Each structure stands twice: as structure tokens, then as C-alpha cells.
Amino acid sequence: MINKSDIPYLPRGVRVQFDKVRDGWVLLAPERAITLDGIGHAILCEIDGERTFQAITDTLSAKYNAPVEDIAKDTAGFLGALKNRRFLEVRT
């Protein structure tokens with residue numbers, strides 16, 4: 001579960017990169033990769049290791065003119081799944 005005050009970040013060795021072979025964005029970790037869709041890429045582009053989950057969802061809501069509650073729900077699910085698979089960590 002991701003809380004509003006949590007600060008998500010990509011741990012050492014995990015990065016977002018454009019993959020020329022797949023012609024798309026991927027999330028890379030040692031010996032693992034996840035192909036990202038546009039939404040996943042947009043979310044991960046906002047993660048800087050300094051802003052809270054709330055600040056990230058507020059930014060995405062303003063950027064895409066969508067209700068913050070919807071953005072928060074979808075983003076929490078996505079980031080929670082990445083956290084469970086150890087592609088993401090959070091500071092409280």
C-alpha cells in the first residue's frame with residue numbers, strides 16, 4: 001500500500017529506459033524488465049525520490065486534467081505492484 005506521505009523512488013540498479021528493439025519504454029532492473037505503456041511511463045517520469053505520492057498524483061491530475069481521486073487510485077495500484085516486485089521502494 002502506498003500512503004499519501006510516502007516518497008516513492010527507484011532503487012539502485014532500476015531505471016526507465018527507451019528500448020530500441022521494443023520501440024518503447026521499459027523499466028529495467030538486474031536480470032528483469034517490464035515493458036511500460038504510456039500511463040506507466042507517465043507515472044514513473046514523475047518519480048524523483050523527493051516528492052510525496054500526494055504531490056505526484058496532484059501533478060498527474062493537473063497535467064492530464066483528471067480527477068485526483070482516480071489518478072491516486074490507479075497510480076497506487078501500479079506503484080504498489082512495482083513495490084511488491086521490488087522495482088520500487090518508498091520512504092515514509
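The model is predicted. Along its principal axes, the C-alpha trace spans about 35 × 25 × 20 Å.

The secondary structure consists of 3 helices and 5 strands. Along the sequence, these elements follow the order β-β-β-β-α-α-α-β.

Two of the helices were examined as a packed pair. Helix H1 covers residues 38-45 and helix H3 covers residues 68-84. Their axes lie 11 Å apart and form an angle of about 80 degrees. Angles of 65 to 115 degrees count as roughly perpendicular, and H1 and H3 are therefore roughly perpendicular to each other. On the H1 side, the contact is made by Gly 40, Ile 43 and Leu 44. On the H3 side, Thr 75, Phe 78, Leu 79 and Leu 82 take part. The residues of this contact comprise 5 nonpolar and 2 polar, with no charged.

The largest pocket has a volume of about 150 Å³. Its lining consists of Ile 39, Ala 42, Ile 43, Leu 60, Tyr 64, Asp 70, Ile 71, Asp 74 and Thr 75. Two or more lining residues come from each of H1, helix H2 (53-64) and H3. H3 gives the most, with 4 residues. By class, the lining divides into 6 nonpolar, 1 polar and 2 charged residues. Ile 43 of H1 and Thr 75 of H3 belong to the helix contact and also line the largest pocket.

Key:
Residues are numbered from 1 along each chain as its sequence is written. This is a predicted model: local features need pLDDT of at least 70, side-chain atom pairs count only at pLDDT 80 or more; totals for chains, interfaces and linings use all residues. Side-chain values use heavy atoms; hydrogens and water are left out. Axes are lines fitted to C-alpha atoms, for helices over the stretch in contact, and angles run from 0 to 180 degrees between N-to-C directions. Angles under 35 degrees count as roughly parallel, over 145 as roughly antiparallel, 65 to 115 as roughly perpendicular and the rest as oblique. Contact means heavy atoms within 4.5 Å. Ala, Val, Leu, Ile, Met, Phe, Trp, Tyr, Cys and Pro count as nonpolar, Asp, Glu, Lys and Arg as charged, and the others, Gly among them, as polar. On a 1 Å grid over the protein atoms alone, a cavity is a set of points where a 1.4 Å probe fits but cannot get out, and a pocket is an open set with protein on both sides within 12 Å along at least five of seven lines; lining residues have an atom within 4 Å of a point. Grid points are joined across faces, edges and corners, and a volume is the space filled by probe spheres set on the points.
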